[in-house]
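The sequence and structure are shown first.

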Amino acid sequence: MITTPSSNLRSLAQTLVCLGLCTPLLAQAETDSEPENLPALSAASEQASVVGVSSGGYMATQLAVAWPERFSGLGVLAAGPWSCAQGSLSLALNQCMMTRRGLPSLDELEARHQRYIELEQVGSAEALSQLRAYLWHGEEDEVVEPQLGDLLAEQWQQWLASPDQLRVARSEKAGHGWPIQLPSEAAPGPHEWGDCRQGGGSFLLSCDEDIAGEMLDWLYPEREASGASEQEAGQGGELVAFDQSEFAVKGLADTGYAFIPEGCEAGECPVTLALHGCQMNAEAIGDTFIRYTGLNAWAATHQQIVLYPQAESSMANPQGCWDWWGFAESTWQLSPQHDTRDGTQIGALMAMLDRLQSAPEQAD
């Protein structure tokens with residue numbers, strides 16, 4: 001989701017909150033010391049996944065299409081079809097959130113996809129066909145219309161080798177955001193949690209649904225729990241802040257976060273990239289998304305590293321969205337490359353994955 005000054009979007013006012021008008025919470029994962037570089041952990045080069053919600057869902061699909069050979073699974077919550085905006089803010093607002101200009105044409109988007117394949121700007125159709133995909137949408141979503149989620153599902157049905165690789169989930173009473181089961185130690189508050197229809201200030205929806213666990217179980221059907229027990233999951237790893245400035249491109253914040261389960265320092269743990277939605281970065285809601293989606297609990301019990309890159313708010317991007325419409329690309333480009341391997345944010349995210357999957361330097 002993205003913001004606009006247009007009076008035609010007044011219906012979104014109830015969800016477009018905290019646009020720099022309230023004081024951001026401090027992320028509990030930060031310390032008084034400066035964040036260090038993202039560590040090289042010899043993470044497994046196989047079975048990486050990327051998941052995201054809203055703008056992060058759009059970006060997750062862009063990553064999977066650009067580099068399908070680097071991923072085994074994709075999870076998308078509350079987003080529409082790949083490349084829906086086609087580099088246009090107007091289309092993003094009026095055809096990829098609301099549908100004032102009608103639904104996007106999958107034939108047109110597929111022609112764009114095929115052109116990218118021919119130019120080797122995305123991965124091959126064969127590599128794309130091997131992924132597993134989990135797609136979720138709330139039927140009461142008033143930010144990204146549920147029909148757009150249906151089109152995303154149709155797109156993946158065309159791309160995947162077998163229908164058995166796709167899981168499409170819908171929640172009848174859920175709105176826009178990421179459904180969660182509230183942790184027992186968490187006291188519901190107006191900023192952190194919304195009810196199932198309204199996302200509060202965080203867009204984490206108290207639906208009593210463990211979407212994170214359901215999604216990762218689907219993406220990793222053969223993975224058995226091997227780490228901490230469910231009861232120990234909160235203590236089964238470390239949440240660390242890292243310096244994102246070495247991956248600096250337009251739209252990235254200075255600090256990102258990673259959850260590293262006990263034992264993953266030794267290497268060979270797969271990685272999940274988890275991409276927040278607009279207004280869900282640490283600058284806006286502290287560590288609420290980083291701690292409470294349910295991803296860390298699953299990761300602790302299954303030995304999975306979770307990377308939480310962070311987008312930043314700016315004049316060009318006031319809600320801290322991921323770039324799914326081309327704002328981070330060069331202003332002279334007639335056709336932004338944000339949804340290709342040449343996309344600046346895609347390049348930065350893949351560099352982070354490369355770092356986690358690389359071997360630590362040996363001390364002399």
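Arg355 is partly exposed, with a relative accessible area of 24%; here buried stands for under 20% relative accessible area, exposed for over 50%, and partly exposed for values in between (1.4 Å probe, protein chains only). The model is predicted: local features need pLDDT of at least 70 and side-chain atom pairs count only at pLDDT 80 or more, while totals for chains, interfaces and linings use all residues. Residues are numbered from 1 along each chain as its sequence is written, and side-chain values use heavy atoms, with hydrogens and water left out.

The structure holds seven salt bridges, each a side-chain nitrogen of Lys or Arg within 4 Å of a carboxyl oxygen of Asp or Glu.

| Pair | N to O distance |
|---|---|
| Glu246 and Arg355 | 2.9 Å |
| Arg291 and Asp287 | 2.5 Å |
| Arg167 and Glu214 | 3.3 Å |

Arg167 belongs to strand E4 (residues 166-171) and Glu214 to helix H6 (residues 211-219), so this pair ties together parts that are 47 residues apart in sequence. Helices (H or I, at least four residues) and strands (E, at least two) are DSSP runs, numbered from the N terminus. Arg167 is partly exposed at 32% relative accessibility, and Glu214 is partly exposed at 29%.

Glu246 and Arg355 form a salt bridge. This pair links distant parts of the chain, 109 residues apart: Glu246 sits in the loop between strand E7 (237-243) and strand E8 (255-261), and Arg355 in helix H10 (residues 344-357). Glu246 is partly exposed at 36% relative accessibility.

In the remaining tabulated pair, Arg291 is partly exposed at 33% relative accessibility, whereas Asp287 is buried at 4%.
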